[in-house]
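Dear colleague,

Please find the structure below, followed by a short account of what was found in it.

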Amino acid sequence: QVQLVESGGGLVQPGGSLRLSCAASGFTFSSYVMSWYRQAPGTARELVASISSAGTNYADSVKGRFTISRDNVKNMVYLQMNSLKPEDTAVYYCKARNRVQYWGQGTQVTVSS
C-alpha cells in the first residue's frame, strides 16, 4: 500500500529551526513531484515548497528560510525550516503527485515563545 509518513514536527521558539521528514513507500518515488503543504486553523491549505527533476519552487512567504530536498535512494523528502515565525504555525503535509496524487497524515509545527 501507498504510505507517506511525516515526522519532525514540534514546538520551537521564534527564530529557531526544525527539519521535517517524509518517508514514502508503495510507489515509484523518483517519478513523482514531491511537495510540502501547510494548513493553519481556519485557513485554506497552501503550497509551501515542491521539488522535481525540473528544480524547486517556494511560496514567497518562506523563500530564503525554508529548503526542500529529496533522497531518491531512501525515498525521503525533507523540509528544512529556519528563522521560524509564529505565522509558520500549521499542520504540515507531504504530497506526492504524478498521474495520481497521495497525501500524508500531517505533522504539527508550533512556533511560539
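Two strands are taken to pair if DSSP finds at least two bridges between them; strands themselves are DSSP runs (E, at least two residues), numbered from the N terminus. This is a predicted model, in which local features need pLDDT of at least 70 and side-chain atom pairs count only at pLDDT 80 or more, while totals for chains, interfaces and linings use all residues. Residues are numbered from 1 along each chain as its sequence is written, and side-chain values use heavy atoms, without hydrogens and water.

In strand β3, S25 is the bridge partner of Q3. Strands β1 (residues 3–7) and β3 (residues 18–25) run antiparallel and are joined by 5 bridges.

The structure holds 4 salt bridges (a side-chain nitrogen of Lys or Arg within 4 Å of a carboxyl oxygen of Asp or Glu). One of them joins R38 and D88, with the closest N and O atoms 3.0 Å apart. This pair links R38 in strand β4 to D88 in the loop between β8 and β9, 50 residues apart. R38 counts as buried at 6% relative accessibility, and D88 is buried with a relative accessible area of 0%. R65 also forms a salt bridge with D88, at 2.8 Å between the closest N and O atoms. Salt bridges that share partners join R38, E46, R65 and D88 into one network.

Yours sincerely

Notes. Buried means under 20% relative accessible area, exposed over 50%, partly exposed in between (1.4 Å probe, protein chains only). Helices (H or I, at least four residues) and strands (E, at least two) are DSSP runs, numbered from the N terminus.
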